[in-house]
Amino acid sequence: MNIQEFKNLNEIHQYFAVHNRCKLKKSATQPVYEINTPKSGIVFVGEAPGLNEDKLGKPFVGAAGKLLDELLEGIGYTREDVYVTNVVKYRPPDNREPLPEEKDSCRVWLNAELIFLKPKVIIPLGRHALERFLPGQQISLVHGQAFTHSSGTPLFAMYHPAVVLYNPTLKDTLVKDFSSLKDFLEGKIKAIESTDTKSIQKKKQNVIDEILKL
Ligand code: URA
């Protein structure tokens with residue numbers, strides 16, 4: 001298999017739906033993926049499909065997807081303008097978190113999508129996607145900030161929209177972070193190198209200092 005030979009996203013998905021060893025295939029209805037190439041080069045990467053996505057075969061079509069659409073509209077984009085995918089392409093039973101081997105078995109599939117798409121920016125949604133691109137970082141410390149991945153592709157860390165369903169107070173944070181994303185897309189904010197962890201370390205120390213004050 002040579003990734004350069006795939007002519008479109010559909011071919012990539014058809015190939016990897018057969019050539020992957022994800023054990024979730026057995027319990028899932030179908031793999032979940034998007035086949036339209038966005039004009040903007042903006043690529044969101046979520047965690048794994050839920051119940052509605054499993055039924056329809058499309059990512060982010062449930063409650064978290066509706067919130068994602070609302071956040072996108074807030075900065076002047078629609079779902080059709082962006083590409084949305086997941087670290088894991090099959091629904092974990094009962095919406096449990098994906099296991100390391102499930103994430104690993106879909107790794108090459110996601111790589112192929114990204115090589116084909118050549119994103120202008122990758123937006124990992126939540127900690128599983130963050131870990132894939134910025135291993136060792138914590139979403140609570142890096143959300144709303146832009147980084148440069150070691151491959152050279154810009155990354156913009158974002159909480160997963162589903163957190164708002166459990167913790168509604170985080171909605172304001174997501175709205176603010178989407179507004180920072182807009183500034184980043186308009187060139188008003190520069191990305192930090194992923195190797196430059198100084199600012200993250202400083203933020204981490206500030207968080208520790210705040211906790212010690214309590
Ligand atoms: N949450 C995800 O991470 N992905 C989806 O496709 C839907 C909900």
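What volume does the second largest pocket have? In this predicted model, for which local features need pLDDT of at least 70 and side-chain atom pairs count only at pLDDT 80 or more, totals for chains, interfaces and linings use all residues. Residues are numbered from 1 along each chain as its sequence is written, and side-chain values use heavy atoms, with hydrogens and water left out.

The second largest pocket has a volume of about 180 Å³, where a pocket is an open set of points, on a 1 Å grid over the protein atoms alone, at which a 1.4 Å probe fits, with protein on both sides within 12 Å along at least five of seven lines. A volume is the space filled by probe spheres set on the points, which are joined across faces, edges and corners. Among the residues that line the second largest pocket are Arg107, Asn111, Leu114, Arg132, Phe133 and His149, a lining residue being one with an atom within 4 Å of a point. Helix H5 (107-117) and H6 each give two or more residues to this lining, and the largest share, four residues, comes from H5; helices are DSSP runs (H or I, at least four residues) numbered from the N terminus.

The largest pocket holds about 670 Å³ of space. It is lined by 28 residues, of which Glu47, Ala48, His160, Ala162 and Tyr166 are the closest to its centre. At least two residues of the lining of the largest pocket are supplied by each of helix H2 (51-56), helix H3 (63-74), helix H6 (126-133) and helix H8 (163-166).

The space taken by the ligand is the largest pocket, a molecule being assigned to a pocket if more than half of its atoms lie within 2 Å of the grid points. Around the ligand are Gly46, Glu47, Ala48, Pro49, Glu53, Pro59, Phe60, Asn86 and His160, a residue being counted as near if one of its heavy atoms lies within 4 Å.

A polar side-chain atom of histidine 160 lies 2.8 Å from a ligand oxygen atom, while a polar backbone atom of phenylalanine 60 is 3.0 Å from an oxygen atom of the ligand. A ligand nitrogen atom, in turn, is 3.1 Å from a polar backbone atom of alanine 48. Taken alone the ligand exposes 240 Å², of which the protein buries 91%, with accessible areas taken from the Shrake-Rupley method with a 1.4 Å probe.

Note on methods. Polar contact = N/O pair within 3.5 Å; in protein donor to acceptor, adjacent residues only side chain to side chain.
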